[in-house]
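Let's take a friendly walk through a protein model together.

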Amino acid sequence: MPLFWFDSETHLIKPGLAAPKLVCISTCSESGKTGLFDRASGLQLVQRVLEDKSVIICGHQVFYDLGVCCAEDPAVFVPLVFKAFDDFRIRDTIIRQQLIDIAQGNLKYRFDEETQTYVKTGYTLADLVLRLLGRVLPKEDTWRLKYALLDGVPIKDWPADAKKYAVDDAVATREVFLKQVELAGGDVSVGGVIPTEERAVRDAWSLWLMSAWGVRTDGEAVAKLKAELEAEQAEAVEKLKDTGIIKQNRDGSWSRNMKEIYRRVEAGYVAQGMTPPMTDSGRVSTEYEALVDCKDEGLAVLADAAGGAKLLNTFVPMLEGGTVKPINSRFNCLVETNRTSSSNPNLQTLPRKGSARNAFVPRKGMVFCSCDYDTIELRALAQSCLDLVGQSAMAEALRAGEDLHLNLAADFMGISREEAAKRYTDGDSEVADQRQMMKPANFGFPGGMASDSFVEYAKGYGYVIDRGLAKRIHEQWYRAWPEMRAYFQLVSNIVGKAGEGTVVSPRSGFVRGGLTFTQLSNHYFQSLTATGAKDALWHVTHACYAEPDSALWGSRPVIFMHDEIFTEMPEEKSSDAAQLQAKIMIDVMSGWIPDIPIKASPVLMRRWYKGAKPVYVNDKLVPSKPVEEGGKVKWVADL
DNA sequence: TGGGCGTGCGCG
DNA sequence: AAAGCGCGCACGCCCA
């Protein structure tokens, strides 16, 4: 298949405008022949190339360029672009390099031969040209950010360096691509495929579209949240301003005085005859627990105010932006585990407590659909055990429809699993509490956690236990899931004496290197979950954008949170759309985790509510809203 | 004044 | 024998 490289120059990206107007298209053929085309002829050319099923299309952050074309003429380009992804005809030099680097454990930092030091790994075109080709791609003082000035000017009248810069990028992308084929030991004649890249680019396209569509917030809710948080902070400042714990800046704002905080934490522990907790680098810890446990009145106030301060400073400005223009979080397709990340702003870490999530609202005429997988990482773990060690009690329990936390609680209480199940459904609070206490066991131990660390980990779930109890729970956990001994043995063998290993995931083919024992323990189930969830996102996105007959047509994914797809749906078809989304998610994940039942159920909302429960009226899924009833939250139809 | 770094914490 | 992971972000300190 012939390869074709292209790059676009555009007007600038602005908040709320992820795909700005096109100025020109530059191209490079497999033989190295270059071209430079104005907007109209460039679009025609890209269209022809997309239509030609014999061509593989490559770019550096190619999703941006494809998105720009789609924005120029959606009716023509959206179906063509999806078809090209369907046919695995798109390649991206960033994705390729990231996959190569993850396989070698070099994604974030790598050893630089020239300087003999570890350096941060970069992925701009200039970074890759320098690293792979050993030459400098001029980026400074070029036309890069100024192509809007040439919009409408015939290319024959462009300054020579403006033409050169545009073409150079396409040429450099080709050279980088070919070098990558070499690095990966591949064959250019079959497209130079790097393991899992063909799916990765589809995933990345889904995530790019999600970024570009963006998500809105509601002005009233944001203003209310901001006012509450500001009042709370002012109150804390009033209490702390004369203690030395905080100090006033020139502009009147207040900052923590770390020296005084360190001093007080230490003094507080010493006064109780204890040694203060330390950080890894030997400094006195100032985490929440330390601030509370040192029994210093002022630090207790500080500890309480910290959450609100973070909410106010990190999230409120972002939420305010969303009342004016869509929030275009950047979703990154690949981190070391094959999971995704989100930045500017990070929508994957919005606090569950507080009201930040409640500020998000769907666009007019739309409702939100949230659908997440039920205990998916444990299901992925069970599948991994079947694949790697040939058996899994966890898999059997899941196939029998049992509750993994409840099973563990029953074992621990010395009662039968049947009895525990009955008492739990009857609302027995002792069983419910024991079950709750087993959650950290099921979530922490698979990653290779030791029972001593479990004491701290359980604290986060609200359980204060001693080392002896932690050890007993750990042993109980091993008895419940005996395959985990073989699992850790296998992990240990792979990591070996060197303390570092490389693995190819059995189902996805994803390659990751430089793994330590605990990293690998987590890696198998985390990467398998990520593979399935991203693949599900691609199929949901496909239905939304490229399948006019689908119930999902016209819906738009807006946030992806590892095991959850959050979507905007036209209200009139939202019941069918939501149920189709859930079906796609289950079907796709079942392809990756075929031996374990997969569960996911959708819920509709007119605002982002945490923990929302689905509400059905006459078999139709309708938007849910919470109502307080005698101190309990009940979910009712929001019509 | 600005970048680098350590710390702590949000989420899954 | 021993072993939670991995993101992004803000703050405050340090050093140039």
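In which helix does Asp65 lie? Asp65 belongs to helix α2, which covers residues 62–72; helices (H or I, at least four residues) and strands (E, at least two) are DSSP runs, numbered from the N terminus. Before going further, note that this is a predicted model, where local features need pLDDT of at least 70 and side-chain atom pairs count only at pLDDT 80 or more, while totals for chains, interfaces and linings use all residues. Residues are numbered from 1 along each chain as its sequence is written, chains are lettered from A and ligands numbered from 1 in the order in which they are written, and side-chain values use heavy atoms, with hydrogens and water left out.

Is Asp65 buried or exposed? Asp65 counts as buried because its relative accessibility is 1%; buried means under 20% relative accessible area, exposed over 50%, and partly exposed in between (1.4 Å probe, protein chains only). Contact means heavy atoms within 4.5 Å, and Asp65 touches Phe6, Asp7, Ser8 and His60, not counting residues up to four places away in sequence. With one of these, Ser8, the side chain of Asp65 makes a side-chain polar contact at 2.5 Å. A polar contact is a pair of N or O atoms within 3.5 Å; within protein, one must be able to donate a hydrogen and the other to accept it, and residues adjacent in sequence count only if both atoms are side-chain atoms.

Now to the nonpolar interior. In soluble globular proteins, nonpolar side chains tend to be buried together. A nonpolar core is a set of buried Ala, Val, Leu, Ile, Met, Phe, Trp, Tyr and Cys residues joined through side-chain atoms within 4.5 Å. The largest one here has 156 residues, and Trp205 and Phe360 touch the most other members. Helix α20 (residues 517–546) supplies the largest share of this core, twelve residues. A second, separate core has 21 residues, including Val23 and Trp143.

Finally, look at DNA strand C. It is surrounded by 29 residues, and among the closest are Arg256, Tyr457 and Thr518; a residue is near a strand if one of its heavy atoms lies within 4 Å of it. Which element gives the most to the surface near DNA strand C? That is α20, with five residues.
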